Amino acid sequence: MPGDEAPAPAAATATSGTAAPGALARAEQFIWLTARVLEQRRFAFHFLGGEADPVDTALGAYLGGDGGYGHALDPDLRGPLSHPLHTAHALRVLDGLGRCAGQRIERLCAHLTRVSTADGALPATAPASGGYPAAPYHPLHDDPPGDLLATGPVVGILHRNRVWHAWLFRATDFCWDRVENLRHWHPYEVRGAVAFLDGVPDRARAAAAADRLGRLVRDQRLVVLDPARQDAYPRVPGHAPDEHLYPYDFAHRPESLARGWFTDAELYGSLRFLAGLQQPDGGWPVHRGAWAPGNSLERRPIATLEALLTLRAYGRLPGAPGPVSLPGPAAPR
């Protein structure tokens, strides 16, 4: 799919994106020094053989009485309100534990039904801000529109885990309409689309949509294909001047449909760049604009976990255990 270039060999060497020896140990020290309890528990689960229950308990602290998640689970949205972007974050955590099933998910889907827009989608933020602060790139509205950034990941994860709920019907239709008909994309919308396409049951339709989307991403230069020339690419609209997205931001794992958008040289070059971003303190940086002290402090451990999980998924994290073996998704009811 990536143009007419011949793919480079995917050699598992240090020049193909492998993190330096000791990267995991340095990241662990950073996590213990700086992370919230949730990220500490997630690190222990994914990389130290820890149990899932402590992660689940830590996540439960963010659960609100309305069945949604709040309390700055996503650090960009402060305060106790249940925002849909918090739900997407919570489901990513639960998906990593293999726990997207049961009464909790039923209650969550009931909450999503109540907060959806007229077209069945999720807005990025709740309608009533309550005066609580939010990142400037997540503007608060009295009547927010449906947003693929929030809806796509939620729908994709629920489908991948074979969740059945009436809310999914219209939300899925909304995602298909956006993915197949939008022509001008924000890079973060593309990430929401990929999360949807990686989980939706109609794999043939998803593959065709992903192929079209990948060509658009390349044509509109929404991804930096050469990190050495990142200044030649447009920055993410509305975000920090140095904020760009790279192949690993779309293809978090080798099985993602977005993996086919990039040659081996492009993908492993971006992984080498990602591995090299680890800072002397062991953590990875956040390129979004710093707008609040709590946001800046809490975002880096999350970015560090995401970087570690991506590098491990591609076999580029020396000394890391293999991915946790999780039970299969619950059978559809």
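Histidine 71 sits in the loop that runs between helix 3 (52-60) and helix 4 (84-97), in a model that is predicted. The protein has twelve helices and zero strands, and its elements, read from the N terminus on, follow the order α-α-α-α-α-α-α-α-α-α-α-α. Its radius of gyration is 19 Å, close to the 20 Å that the globule rule gives for 333 residues, so the protein is as compact as a globular protein of that length. The points below take up the overall figures, then two loop residues, and then several helices with residues they contain.

**Overall dimensions, burial and charge**

- Taken along the principal axes, the box filled by the C-alpha atoms of the protein is roughly 50 × 45 × 40 Å.
- When contacts between residues at least 6 apart in sequence are considered, 66% of them join residues at least 24 apart.

**Loop residues with positive phi**

- Histidine 71 is not a glycine, yet it has a positive phi of about 55°; its relative accessible area of 41% makes it partly exposed.
- Arginine 221, which is likewise not a glycine, has a positive phi of about 55°, and this residue is found in the loop between helix 9 (203-219) and helix 10 (247-250).
- With a relative accessible area of 36%, arginine 221 is partly exposed.

**Helix 1 and alanine 23**

- Alanine 23 belongs to helix 1, which covers residues 23-34, and at 0% relative accessibility alanine 23 counts as buried.
- Once the neighbours within four places in sequence are left aside, alanine 23 is in contact with Gln278 and Leu317.
- Alanine 23 and alanine 118 are 95 residues apart along the chain, and their C-alpha atoms are separated by 47 Å.

**Helix 2 and histidine 46**

- Eight of the eleven residues of helix 2 are buried, so this helix is largely enclosed by the rest of the structure.
- The buried residues of helix 2 are Leu38, Glu39, Arg42, Phe43, Ala44, Phe45, His46 and Phe47, and they pack against helix 1, helix 3, helix 4 and helix 12 (293-313).
- Histidine 46 lies in helix 2, which spans residues 37-47, and it counts as buried because its relative accessibility is 10%, the cut-off for buried being under 20%.
- Apart from its neighbours within four places in sequence, histidine 46 is in contact with Gly96, Leu309, Arg312, Pro321 and Val324.
- Just after helix 2, a positive phi of about 75° is taken by glycine 49.

**Helix 6**

- The 13 residues of helix 6 (residues 148-160) should span 18 Å at 1.5 Å a residue, and the end C-alpha atoms of this helix are 17 Å apart, which agrees.
- Eleven of the 13 residues of helix 6 are buried, and therefore this helix is largely enclosed by the rest of the structure.
- The residues buried in helix 6 are Leu148, Ala150, Thr151, Gly152, Pro153, Val154, Val155, Gly156, Ile157, Leu158 and His159.
- The cover over the buried residues of helix 6 includes helix 4, helix 5 (103-115), helix 7 (167-181) and helix 8 (187-197).

**Helix 11**

- For helix 11 (residues 264-276), the 13 residues should span 18 Å at 1.5 Å a residue, and the end C-alpha atoms are 18 Å apart, in agreement with that expectation.
- Asp264, Glu266, Leu267, Tyr268, Gly269, Ser270, Leu271, Leu274 and Ala275 are buried in helix 11.
- Helix 9, helix 10 and helix 12 are the elements against which the buried residues of helix 11 pack.

Technical notes:
Residues numbered from 1 in each chain as written. Predicted model: local features only at pLDDT ≥ 70, side-chain atom pairs only at ≥ 80, totals over all residues. Heavy atoms only, no water. Helix = DSSP H or I, 4+ residues; strand = E, 2+ residues; numbered from the N terminus. Rg over C-alpha atoms; globule rule 2.2 N^0.38 Å. Contact = heavy atoms within 4.5 Å. Buried < 20%, exposed > 50% of the residue type's maximum accessible area, 1.4 Å probe, protein only. Expected span 1.5 Å × (residues − 1).
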